[in-house]
Amino acid sequence: MTELSRTARMPRICSLLPSATEIVYALGLGDQLVAVTHECDYPPEARAKPHVTRSAINSNELTAAQIDQAVRDSLENLETIYFLDRETLEQTIPDLVLSQELCEVCAVGTREVARIVSSLPHQPQVVSLEPRTIGEMLDTILQVGRLTGTLRRAIYVVDELRRRLDDVQAAIAGRTPVSTLTLEWLDPVFVGGHWVPEMVALAGGVDVLGRAAEPSRQVDWSEVSSTEPEKVIVMPCGFGLERSRQELSDIVLPGEWWSLPAVRNGEVYVVDGSSYFNRPGPRLVDGVETLAAIFHPEAGVKAPEGAFARAALAGTR
C-alpha cells in the first residue's frame with residue numbers, strides 16, 4: 001500500500017476538543033484535520049485550521065468570579081457556553097467528529113453537537129472521548145488510532161508516554177510523598193479532580209482534597225483551612241502561566257489562605273494549567289513531570305520550559 005492510497009482512505013477529522021486536536025497531531029494526522037475549535041492552540045499549526053466554534057463568554061476582561069457566574073448563567077439559559085458553526089462544519093465535510101460529554105464547561109454541549117450534526121447533508125461519525133484518568137487518556141489515544149487506521153502509531157505514542165511516567169517513578173522512588181493542595185479555580189474555590197489527583201500521586205505527592213476520577217468540586221475556605229499542605233499548586237482551568245499568575249496576584253484571599261503551611265513557607269506554585277493539566281491529552285505527562293520537578297527537585301526530573309513558577313507571595317501575613 002502506498003502512502004498516497006493510505007492517506008486517501010483516512011477520514012477527514014473535526015476536533016471539538018483541544019485535547020483531541022493534540023492527539024490527532026500526535027498520531028501524524030494533521031493533514032486530515034479539517035476543522036478545530038477556537039481554543040485549539042497546540043501544536044501551533046492547529047491555529048490555522050478552520051474554526052467551528054465560538055464562545056458565548058468573553059473572558060479576557062472578566063475576573064475569576066465574573067467568569068464563574070457567566071458560565072453558570074450561560075449553562076442555565078443556553079445549556080452550553082459554546083456555539084457550533086454549522087456552515088463551516090458543512091463546508092469542511094468531516095467524516096469523523098471528536099467530541100466529549102465529560103465536562104459541559106470544556107467543549108460544545110452534546111445537545112448542540114447532535115442538533116447541528118443531524119442537520120448536515122453529509123452525516124459524520126460522532127465519537128465522544130471521556131477520559132477521567134491517565135490510563136483512560138492513554139486509551140483515548142488508542143481509540144483514535146483505531147478509528148483512523150493509525151493504531152500502530154498510537155501504540156508507539158502510548159508506549160513512549162508510559163516510558164516517561166515510568167522514568168518519573170524511578171526518579172522519585174523512596175522519597176516521602178508531599179501533601180499538596182491543587183486549585184483549579186480561585187473564586188469560587190475549586191480543587192483538582194478527574195486525573196489531577198492521580199498526576200499528583202504519580203509525581204510523588206498526595207492531593208489533600210482532590211478526588212481521583214471525579215469532577216473538580218467547589219469547596220469553601222473552611223475546608224481548605226482544615227488541610228495542611230506542604231505545597232499549593234494553582235492551575236486555573238483554561239489559563240496559561242501568565243494569566244494564572246495575574247489571577248493569583250489580583251484576587252483578595254481570605255485569612256484561611258494565609259494560614260496554610262505552604263503559603264507561610266512560600267511553597268505556592270503557579271502552573272500552565274491550559275497546556276499541562278486541564279486537557280486530557282498527551283501533555284498530561286508533561287504535567288506529571290512538572291509536578292515531580294516541584295515536589296522533588298533533587299530527583300532531577302525536568303519540567304517543560306515555562307511550565308511553572310513560584311508564586312510571588314509573602315511567606316507570612
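Where in the chain is the place of Pro 188? Pro 188 sits in the loop that runs between strand S7 (178-186) and strand S8 (189-191). The model described here is a predicted one. Its chain contains 14 helices and 15 strands.

**Chain as a whole**

- The chain has 317 residues, and 53% of them count as buried.
- Taking contacts between residues at least 6 apart in sequence, 69% join residues at least 24 apart.

**Cis peptide bonds**

- Most peptide bonds are trans, and most residues other than glycine have a negative phi. The cases in this group and the next depart from those rules.
- The bond between Asp 187 and Pro 188 is a cis peptide bond, with omega at about 0 degrees.

- His 194 is not a glycine, yet its phi is positive, at about 50 degrees.
- This histidine, His 194, is part of strand S9, which covers residues 193-194.
- The relative accessible area of His 194 is 12%; buried means under 20%, so His 194 is buried.
- Ala 213 is another residue other than glycine with a positive phi, near 65 degrees.
- Ala 213 lies in the loop between strand S11 (211-212) and strand S12 (217-218).
- With a relative accessible area of 26%, Ala 213 falls between the 20% and 50% limits and therefore counts as partly exposed.

- Four strands form an open sheet in the order S2-S1-S5-S6, and their pairing is parallel.
- S2 and strand S6 (125-128) are the edge strands, each pairing on one side only.
- On average, neighbouring strands of this sheet are turned by 30 degrees against each other, direction ignored.
- Strand S1 (residues 13-15) pairs with S2 in the parallel sense over 2 bridges. Cys 14 has Ala 35 of S2 as its bridge partner.
- Helix H6 (residues 134-148) lies across S1, strand S5 (96-99) and S6. The angle at which H6 runs to S6 is about 165 degrees.

**Helix pair H7 and H14**

- Two packed helices are described by the distance between their axes and the angle between them.
- For helix H7 (residues 151-172) and helix H14 (residues 284-295), the axes come within 10 Å and cross at roughly 10 degrees.
- Angles under 35 degrees count as roughly parallel, so H7 and H14 are roughly parallel to each other.
- On the H7 side, the residues that meet H14 are Leu 161, Arg 164, Leu 165, Val 168 and Ile 172.
- On the H14 side, Val 285, Asp 286, Val 288, Glu 289 and Ala 292 meet H7.
- By class, the contact of H7 with H14 has 7 nonpolar and 3 charged residues, and no polar ones.

Conventions
Residues are numbered from 1 along each chain as its sequence is written. This is a predicted model: local features need pLDDT of at least 70, side-chain atom pairs count only at pLDDT 80 or more; totals for chains, interfaces and linings use all residues. Side-chain values use heavy atoms; hydrogens and water are left out. Buried means under 20% relative accessible area, exposed over 50%, partly exposed in between (1.4 Å probe, protein chains only). Contact means heavy atoms within 4.5 Å. Two strands pair if DSSP finds at least two bridges between them. Axes are lines fitted to C-alpha atoms, for helices over the stretch in contact, and angles run from 0 to 180 degrees between N-to-C directions. Angles under 35 degrees count as roughly parallel, over 145 as roughly antiparallel, 65 to 115 as roughly perpendicular and the rest as oblique. Ala, Val, Leu, Ile, Met, Phe, Trp, Tyr, Cys and Pro count as nonpolar, Asp, Glu, Lys and Arg as charged, and the others, Gly among them, as polar.
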